[in-house]
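Please look over the model shown here before reading the comments.

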Amino acid sequence: MMPFTAKQGRCNVVCRLLFVLLLTVLLTVQPVFAVTPKGQYLAAEKAYGQLRESPKLQKYRDRWMVCIKKFQRVYSLDPAGPWAAAGLYRSGVLYLGLARHSGLEKDRQSAVDAFRKVIREFPKSRYTPKSRTQLKRLGKKALSPSQAKVAELLKKGYAVRKRLFASKKKQKYRDQWNLCIQYFEKAYDTDPQGPRAAEALYMVGTLYEGLSKKSFLDKDKISAATYFARLKQDFPQSPYADKLGGQPAAGRTTDSKDPVAGLIAENRPEPKPSQSSSPKDTEPNTTGSLAAIHGLRFWSNPNYTRIVIDADRETGFSHRLLKKDPSLKKPQRLYIDMRKSRLKKNLQRIIPINDKLLSDARAGQYTNETVRVVVDIKSFKNYKIFSLKNPFRVVLDVWGDSDTRTAAIPSISPSTGKLSPGAIARQLALGVSRIVIDPGHGGKDYGAPGYYKGVHEKDIVLQIAKRLAKKVESELKYDAILTRTTDHYLTLEERTAIANTQNADLFVSIHTNAVRSSKPYGIETYFLNLATDDDAVLVAARENATSAKNISDLESILNDLMQNAKISESGRLAAMVQSEICHGLKKKYSHIRSKGVKKAPFYVLLGAQMPSILVETSFISNPRECKRLGSPKYQEALCDGIIEGIRKYIKETGPAAFFNAPNDSSAKG
């Protein structure tokens with residue numbers, strides 16, 4: 001063995017250094033190619049391809065999340081680069097695929113968020129139209145300009161907040177807190193009724209709360225309490241309101257001076273009561289706190305108008321019809337006084353209506369504890385005022401002197417002096433040309449949960465309603481109007497208003513039944529009236545999103561509300577639809593039970609001017625019927641039954657039935 005020389009030692013050291021240097025270069029250069037957005041996107045596509053080809057792997061959530069995170073990393077590597085939009089869009093597509101397997105709303109919402117982000121940050125990308133299409137399929141509208149601005153302000157606010165809480169030094173300075181607060185305040189002011197308004201209010205409140213712990217100033221505590229109170233009052237159902245838990249809603253100051261009080265000063269002093277203008281009162285608010293009047297809404301056509309006054313809690317109210325005063329150049333007016341109430345600051349105080357009945361409606365702080373809503377009247381035939389609960393609102397329905405569709409029909413036959421068949425048919429709403437179909441629930445209102453995970457009433461009834469609308473137009477040859485065509489939230493009073501303003505001849509509301517037990521099953525059809533039995537009360541309470549006690553309270557005023565409702569015609573329509581649904585289904589399916597025709601006070605049917613029914617198609621809480629309700633064949637069979645029931649109703653009660661009816665002498669014989 002040759003001896004180890006110093007020269008050889010030096011060579012070995014140099015070789016080792018070169019090897020280490022080369023290895024370092026390889027380790028640093030290789031990842032550069034691996035982590036480019038394009039390389040990351042191709043790697044994500046490869047992983048997604050493997051997942052797509054393996055139904056077994058698709059059963060595991062973590063496999064989906066691995067692919068999703070790979071696409072999200074494409075965006076994070078270069079948020080403004082050419083591959084960023086593609087990565088975001090593909091992450092949304094994968095979230096949709098995951099949602100179909102998991103049945104979780106959070107996965108569906110993550111997809112929506114990804115598509116919206118593409119639209120917001122990459123308006124000129126080729127993936128923006130694709131994202132809009134995906135949102136349209138999901139029933140989600142793309143962000144409006146105001147919503148996009150809110151999203152941007154919130155994004156900046158959260159970034160500033162993150163830097164604030166990461167630095168104890170910054171937390172010592174008030175201007176750093178105010179800088180963060182301003183972004184969330186601007187977000188709220190940009191869209192105070194928008195989908196993220198509650199989030200903005202909550203963040204402003206929590207920031208003021210945090211500031212108060214540093215400043216020890218009462219004004220900061222009051223500011224926090226003010227924003228928390230506004231959040232609870234304006235968005236009581238929001239998850240951000242739930243986060244407040246037991247925090248008091250007190251602390252929100254109210255100013256006794258209202259700048260719009262002058263709008264209704266014309267009604268002071270109170271007019272002397274007369275027989276034609278005596279006030280009608282409801283029970284007063286006994287809670288001792290003030291209700292916040294936060295909404296003034298209306299729907300209108302030339303011969304019908306519905307106005308709704310929204311409050312955050314139940315309170316008493318009275319109303320009075322004032323005579324026209326030519327000397328003061330004042331039109332006829334109707335006012336509603338909401339007692340123990342305050343106007344919300346951002347409420348639109350004047351809403352122009354300008355139909356044939358009303359000019360406008362306006363709200364003002366009449367006294368420190370009374371809000372007055374005044375309606376200027378052009379002409380009217382009749383009006384009704386009633387309240388609904390959960391949430392509390394007051395509804396005003398105004399009807400005109402005539403119906404433009406029926407004015408040409410003579411009411412008296414010149415030859416006999418009696419009502420002609422055509423007049424009777426129209427009076428009973430038998431001349432059918434338009435049917436409004438109402439898929440119950442929608443949007444934030446999921447309706448009854450299905451027996452199986454991920455099944456919700458709002459989705460099932462929308463599918464059924466769309467099938468029914470197609471059959472109405474193709475088989476009955478009538479116009480069909482859906483109150484909603486997407487996963488959109490509608491109030492119950494808005495659904496009836498749509499039917500009335502669209503001059504509908506029939507109104508059919510579609511629902512699924514549900515109880516706590518999974519055993520009950522069957523089909524039942526309802527029409528508006530006093531409740532038939534305790535089960536009917538419970539069904540009405542569930543569909544009205546209220547309590548059985550509130551149903552009992554509502555029944556006390558139903559006699560007045562139903563004077564113009566077509567109760568007998570609705571009952572006849574309900575009976576025929578119920579019979580035909582069950583008859584048709586029994587031919588194709590076993591275990592079909594008819595639970596019969598029932599009566600109950602449904603909010604959605606109140607004020608309807610046409611024969612109206614509510615169909616509880618089947619029990620979504622029953623395993624067999626829940627599975628059937630999701631089946632296109634079962635939905636088709638249900639719709640066939642409803643169509644046959646409507647066809648039979650029209651045939652037996654249409655104008656031709658009156659012309660072909662036997663005369664009095666033949667009837668006696």
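Predicted model: local features only at pLDDT ≥ 70, side-chain atom pairs only at ≥ 80, totals over all residues.

1. Numbering starts from 1 along each chain as its sequence is written, and side-chain values use heavy atoms, with hydrogens and water left out.

2. Strands E12 (residues 434-439) and E13 run parallel and are joined by four bridges. Pairing requires at least two bridges found by DSSP between the strands; strands are DSSP runs of E with at least two residues, helices runs of H or I with at least four, numbered from the N terminus. Ile-437 stands opposite Leu-482 in E13. From E12 the chain passes through helix H13 (residues 457-476) to E13, a right-handed β-α-β crossover (clockwise from the first strand over the helix to the second, with the strands pointing away from the viewer).

3. In E13 (residues 479-482), Ala-480 and Leu-482 form the covered face, while Asp-479 and Ile-481 form the uncovered one. Side chains in a regular strand alternate between the two faces of the sheet.

4. Helices H2 (residues 37-52) and H3 (residues 61-77) have axes that come within 9 Å and cross at roughly 165° (lines fitted to C-alpha atoms over the stretch in contact; angles run from 0 to 180 degrees between N-to-C directions). H2 is therefore roughly antiparallel to H3 (over 145 degrees).

5. The structure holds zero disulfides (cysteine sulfur atoms within 2.5 Å). Cys-67 counts as buried because its relative accessibility is 3%, and Cys-639 counts as buried at 0% (under 20% relative accessible area, 1.4 Å probe, protein chains only).

Methods
Buried < 20%, exposed > 50% of the residue type's maximum accessible area, 1.4 Å probe, protein only. Parallel < 35°, antiparallel > 145°, perpendicular 65-115°, else oblique.
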